[in-house]
Each structure stands twice: as structure tokens, then as C-alpha cells.
Amino acid sequence: MFPDLLLSVCPRLHGRFHELAPHLVPLDYTNQPDIRLPLALIVSMPELKENPFRNRIVEVFSEDGQGNLSFNDFVDMFSALCETAPRELKTIYAFKIYDFNVDNFLCKEDLEKTLNRLTKGELTPEEVNLVCSKAMEEADLDGDSKLSFSDFENMISKAPDFLR
Amino acid sequence: NTDSEEESMSEGEMERLKEEVEEKKKVIAIMRNKPWRMKRRLVHLKECQEFVDKFEGALGKGKGRKFYAYKVMMTKVLMGLPYGSIPRKTVPRAEQPTAQDYSVLMDFNVEDTVYRYTIRAQFITCDHFFLSQGYCKYSVLFYGYYNNQRTIGLLKFRLPLSYLMVGVGTFGYSLMVVIRTMAKNADVGGGDGDDGEFTFAWKMFTSWDYLIGNAETADNKYASITTSFKESIVDEQENQKDENIHLRRFLRVLANFMIICCLGGSGYLIFFVVKRSQEFANRDDLSWYEKNELELIMSLLGLVCPPLFETIAELEEYHPRIALKWQLGRIFALFLGNLYTFLFALFDEVNNKLEEEVSIRNASIWAQKEYYANFTLYNNDTDTTPPPMDPSDVIRGPCWETAVGIEFVKLTVSDIQVTYLTILIGDFARAVIVRFLNYCWCWDLEATYPSYGEFDISGNVLGLVFNQGMIWMGAFYAPGLVGINVLRLLSSMYYQCWAVMATNVPHERVFKASKSNNFYMGLLLLILFLSLLPVVYTIMTLPPSFDCGPFSGKAKMFDVIMETIDLDLPAFLGTLMGYAANPGLIIPAVLLMVLAIYYLNSVSEAYQHANAELKKKMQMARDEEKNRRNNTESTDQVMKDLEDLLPNRSLLPPAPPPETGGKSTKVRPGTAGKDVNLQKDVSLSSPNPNARGAVTRPPGPRGPGPLPGNGQQGPGGGPGRGRGRGQPPPRR
């Protein structure tokens, strides 16, 4: 709903959306068509291309969890990634992004996947194991060997660098 | 019609409506923070906006509308883009840690300069003129240029008073700004205490920069993240190693001794060079090197000593963050030592000039009388007053203030030159050589020595801080110095920005000297005080030159203030100030301030204690919770001991109703059997269904407390369960 409202407010963003798939994306929304772009197209954008978590980001913001974004979701994604987005919002989305198996907890496998994406597989398995267990130990407050959102938030709120 | 409608609304209805409007407005404001889908956001927004528009006008009856419009206008007018919201508003040269320092410096400098130049440019009279020895010396840049005429121009601008006020006010304003920034940082940063708390977790979740779009930058970032993880892993493993502590202590003492020798050596070198420059002052045939020797030596020392300190510091084997702090501290000591030696030597020179002045003053009066005598002789006309002597012929006193100003300007200029040259040669030439010679060199220049230069954040920040210290000191005697510095900062920002992008690689070690910027702000504050001292001392003690500057002719510089009070302000203010300046009033005031400082200090210590206690409690609660979940026994030794002392459950008679209400945490262990309260159950250990099953009766009714299973628990189990809060579940 209301894509025409969005279109009038952020025409440049719509321009970017349009140029990803010019034949699919309409320029006028009076008929309120429901166009969704697939994941592969979105992650080819220069802003996301180099990001190790690009697939997860797009999946988080898509309604079906598969990465197909409508224009509303597209605007949503960029507004959350923006520099001026509030910190609490970023925390919530960061948690969702790092949760690879989408069970609302960050378990050890999620941490391992995150670490491997960050270091591009340069660390040995023992090192990966060590880092993940230490991180889990540091942040896990309720002792269930997975990080719930409150654990994550507690840890992030004290971090000096978490803005982007 | 709307009027009658509004009148017909009762007071209660209006209130209710107002509340609803406020609520809708709040929802609109909070909407940014909610992680909703765009669709939902838009629906709510439209709804709330319509509601607000419909009813707000009706409530205000025109006055409300006007107020609303006014509010909207004010927020639109006053709200610009916040700092850091677009790239051009964030400093590219020094990274985020130092951004705040830089903005303090830039704001201060630009504002001050603009102020000075608008006032001064309009009202300066040109009584002093240009000698062939160099126009700059007699320009608006230096103290000597300003006339001591009490008021200037149509508006009767009091130049001498304003000169003094601006000079002193500069320090006051900088002091306020620095302290305010430090207080703000202390609030946000929470001090340096918790560095070790979440190392690995933070590294994992916050190290990636989501704004990276360039493949090369991304590769760099991956590499630095990997390095940083490897470092932490090594750090972690090293903590288990056992070190020979005596050897380490000896090495540290040795390193400190060597560094003190270096500092002493550099101090002596400067002293020696200053003495030499005093001899040079009497000669005329000086080469460029000899003229600028002092400043060159000082800048070179500042260049050579820090790497020397760093190599010596490798003996010490500190943790990188601590080593960085030591390094910065030593560089700071070096700078201070050099500066103060320089100042003392300068004072010597000033005293010499003051002596010289006395004789020249007599000579100039004599020359004036001669000129008049000649004039009447030649013109045979004793009635007309002779025209004043041509200004360039008047014998000039050795204006010591201008000399001091000149020294500071030369110091700043040579500092600029050395910095620019260093970047050009040390970074740019090095990068060019490494890049192009790499093709035909035996070993890989890029990966090993010399490779590209690293951008040294802390060194650059210190450089900024020291530069600012020099400006603060010199600004009173050379007002133009501030303008020169602003130009220098602007140009060096672009220059260094280019140099960093083109020739530098990111630092291998990614850590900061302090979490908040307070370490650097603390240094800045210290330098501010230290630069304040010489200036205030000279204002209070040294007599101004007799023929140059805005205070010429007075006994002391601050006599200007006395004069203003006498002549410009109404009489009663003068007497009032006379009373206020009485030592009988001032000493008690000082005592009062000292007592206030002592009191505030003890209050803040008490708060720190309380904070530490709370943290400990939280940590204990967390550990107990973990242990309870994992069904293990408590690891806290105290708790274990207490539990051991408790009576055996199965031997107990049914417990009497509890006597003490509420939660008691103190139980007398060992009073088994008789009337022991089963309070212990609630307060000490957490109910563990596996370990204690023998109690047949639940404890008696207690005071109202949160029941377990209440819906107060957020995701993850909630903090309410476990130790001593609320009732345990009834036992079976």
C-alpha cells in the first residue's frame, strides 16, 4: 500500500530501484502493482556488493524471508542502514541479520557462520571454535549457550563502535 | 458553524481530545524506532497524521494554531543537519576517535579569528610604520602594531581594553569548551574501565563497516579483521604463560632510565641553541640556517625522538594499549620540556630588552628635543608648533612583546614546513619508490620493509594538541598567529587527506588509547593550563614597552582595566570593586571553593563505590543464574560453605511460620532442629528440584511479592527468578 506516497517522497531511491530491473519496475503506481525483485538483483547493488552479510540483509527485510523485496521493503532496508537511523533500530536488525537459522537466538552455529564470513575462512577451525566460545561466554547472560535478543542488546549497548 | 461547535464541547471532552492528540503525536515521533514493515508504518502514520490535523486546530482556537505554526517554524529554522550526518561534516583527516578534538579546535579558531579581524580591521590606526627590515614585523600580525590610544574612531572603541579582554577571554572560552566536552564524554563513554569485557563479542559483531562499497577497501577490512582476531587469540593464549617478572622489571627500569636521559639531552640541546641564537642576534651576517636554527632544532627533535622512544619501549613488553599511553606520555613530556626551556630562554631575552629600553627611551626623548630645536632654528618662527617628527625617524625601542611574538610565529611556521616536508618525503616519496621500484627489486618492497607508511592516529592527534598549545601561548603577542594557524589547518586538512588516501595503509593494530576521547582532551586541558601560565605571568609582572603596543606608557598591562573602571563606569561601581578586591573577601571565597571541591570529590567517590557494588551484585546474580540453569552447584565459595553448614533436610520437623517478613538473607547456620525458619530456602539457594525433594511443607505465607510465572519476564527467562526474589514454587 501507499507506494505512490513513498514514490513522491523518495524519488531518487525509486530511481535506483527502477534501474535494477527497468522492464519489471513500473514508473507509476496508480494501479498499485505488487512488484518484487529477487535477491540476486538486489545484492548486485554497489552498496551491498562488498558486504559479507548481503544475502542475510536482504532476506531480513523481505516479507517472505526469501529475499524478494518490494519497493516498500527496499525503502525499509535503506532507512535502517542509514547513518541517522536510531541505535535501537539498528540493534534489532543486526540481531536478525546475524541469526542465520532464523530461530530468534544466536546459537554457536550462527556465530561460526558470522565469523567465517568476516574472515573469509582465514582462521583455522580451532581458532574459530575458540573465538566463538569466548564470544558466547562473554555475552550469554542466562547461561543457555545461545544469545537471546536481550543478551545481544546488553552487549551491543556497551560497544563504542556500533553505529554502522 | 465551528464556533458554536467548539463552545458546545465540554471541558472534559476537550481534555480527552488533547490527550489523544498528544498520544498520536508521540506515536509519530517514536515510529522511527520501531522495527515495523514499511506498510504498517505508512498506515499508522496516515492515521495519526489525519487525526492530529483534524483536531489540533479545533482545540487551539487560532491561538493554538499560531503556536503550532511558530513551533514548526522554530524547529525548521534552528535545526540544521547534525554533525556527522553527511561526509563533509565529518573530519576525514583524523578518524572518528579524534573528530571531536578537531572540531573543538576548528570552531574555536575560526570564530576567534573572525571576531578579531572584523573589530581590528576597522579601527586600527597607523601610527607605526614600515621599516626596511621587514614589513611583517610592523604589520597587524604583531603586538607592536597596535596603538595605545584609549578610544578609536567614531564609536569610541576602546582598543587597549579590548585587546586585554580578548586575550584573557580566549583562554576562558577555550577552558569552558574543553571542560564541557570532557564532561560530555565522561557521561557517554563511561570511563576506561570496561575494556576487557566483551572483546570477542564486539569484534565479531561490530567490526564490519556497512558503508564499504569498494572492493579494495573491503579486502583491507577483511585482512584487518582477521589480524585483529588472531591478535586477540594470541593475547588470550599468552595470558596463561608465565613470565620472568624480575627480568621484566629490570628491563622496564632500564628503558625508563634511557628515556629520561634522552629527555634531558634534548632539553640541554635546546638550551644550548637558544644561547647561541642570542649571540647571533648581535650579528648581521647570518645564513638562513643560523637565523632559524632554534626552530629547526625544536621541530627536528619532535620528529626524531618519538620513534626512538618507541624502539626503546619494546624492551618493556606492555599490553599495546598501555604501551601507547606510555608512549604518548613520553612524547608529551618531551614537548613540554622543550617548550619550557624555550620559554625560559625567551624570558632571558626579554629581560635584556627591558634593560636596553631604558637607555633608548632617554635617547628618543633627547632626539625629539633636538628635532624641535633644529626646526625653530631653521624657520625662525617660534609661534607655530613644529610638525611632528617623521615617524620613520623616531628612535624605536626594542619592543620585547613583538620579539616574543616573532619567535612564536617562526616556531609555528617552521613546524608547518617540517610537517609538510615529512609527509611529502616520508609518505609520498616512499610510496612512489615502493610502488615503482618493486618491479625491479630483489625482495618484496610492499610486504616487508619499507612498505607503505601507516597513518599514525595518535601521533597526529598529539601534533594537533601541541600546535594548539603553541598558538594559545603566542596569540597574545602576535594576534595574527591565529589567522596563520587557521590557514595552516585548512590547507593541511586537504593535504593530509590526499596523502592518507594516496599513500597510507591502515594501521595494523586497531585499538585506541582510550574509549572515549577523554585522554586527548585531558592532554589538551593540561596544555591549555600550561600555556596560560606564561601569558598571565607576563601580563601581571612585566612592564609593557614604552613605545609600542596598546599598553605602552602604562606601568602594568592590567592598568587598563583600572583606568576603564575609573573613567567609564559610574562611581559606585568603582567603590564596589574596591571593596570586592579586598583580601578579606577573596580569601574566604577561595576557601569556600576549596571546600566545595573536596565535598564534590567525596560525593563522586561514594557514587563510584555504589556503582562498583551494584556491578558486583549483577555479576553474582548472573553467575548464579547460569549455574542454576546448568544444574550445577554454586561456584561461589561463600555460598558453598554456608550450604555445607546447613542442617540436613530430612531430619527437620515441620517449620513454624516465618517470623521475619520479607526476604531475609541472613540465616544463622547451625541452629538446626529447633525453630529454624525455612527462610533459608528462599534467600540463599535457588530452588533446585533435583537436589532437595524431602521437604513436606511449603514455607508459610510471606509478604506480597512477585510470583514466579508472572508475565514480567522478557525473552530469555527474565531476571526475576532465582536468588531471593519472590516466592519459590510450592513444593510437592
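How many of the 164 residues in chain A are buried, as a percentage? Buried residues make up 49% of the chain. Here buried means under 20% relative accessible area, exposed over 50%, and partly exposed in between, with a 1.4 Å probe and protein chains only. The model is a predicted one: local features need pLDDT of at least 70, side-chain atom pairs count only at pLDDT 80 or more, and totals for chains, interfaces and linings use all residues. Residues are numbered from 1 along each chain as its sequence is written, chains are lettered from A and ligands numbered from 1 in the order in which they are written, and side-chain values use heavy atoms, with hydrogens and water left out.

Chain A has 10 helices and 0 strands. Its pattern along the sequence is α-α-α-α-α-α-α-α-α-α. Helices (H or I, at least four residues) and strands (E, at least two) are DSSP runs, numbered from the N terminus. Two residues of chain A stand in the loop between α7 (87-98) and α8 (108-119): V102(A) and N104(A). V102(A) is not a glycine, yet its phi is positive, at about 50°. V102(A) counts as exposed, at 61% relative accessibility. N104(A), also not a glycine, has a positive phi of about 65°. The relative accessible area of N104(A) is 55%, and N104(A) is exposed.

In chain B, helix α2 covers residues 11-30. The expected span of a helix is 1.5 Å times one less than its number of residues. M14(B), L17(B) and V21(B) are the buried residues of α2(B). Seen down the helix axis, they fall within an arc of 65°, so they line one face of α2(B). The arc is that of the directions from the helix axis to the C-beta atoms. E19(B), E23(B) and K26(B) are exposed on the other side of α2(B).

Helix α14(B) covers residues 457-474. From first to last C-alpha, its 18 residues reach 26 Å, close to the 26 Å expected. α14(B) is mostly covered, with 14 of its 18 residues buried.

An unreviewed UniProt entry places the feature "transmembrane region" at residues 161-179, 253-274, 327-347, 470-490, 519-540 and 576-600 of chain B. These positions are given in the numbering used here, and such annotations may be inferred rather than shown by experiment. Residues 327-347 of chain B are 100% helix and 0% strand, with end C-alpha atoms 30 Å apart. Residues 470-490 of chain B are 76% helix and 0% strand, and their end C-alpha atoms are 17 Å apart.

A cavity is a set of points, on a 1 Å grid over the protein atoms alone, where a 1.4 Å probe fits but cannot get out; lining residues have an atom within 4 Å of a point. Grid points are joined across faces, edges and corners, and a volume is the space filled by probe spheres set on the points. The count is 10 cavities of 30 Å³ or more. The second largest cavity has a volume of about 110 Å³. Its lining includes L343(B), W400(B), M473(B) and T538(B). The elements giving two or more residues to this lining are α12 (320-379), α13 (400-437) and α16 (518-541) of chain B. α12(B) gives the largest share, 4 residues. By class, the lining of the second largest cavity has 11 nonpolar, 1 polar and no charged residues. Ala, Val, Leu, Ile, Met, Phe, Trp, Tyr, Cys and Pro count as nonpolar, Asp, Glu, Lys and Arg as charged, and the others, Gly among them, as polar.

Technical notes:
1 Å grid on protein atoms, 1.4 Å probe; cavity = no way out; pocket = protein on both sides within 12 Å on 5 of 7 lines; lining within 4 Å.
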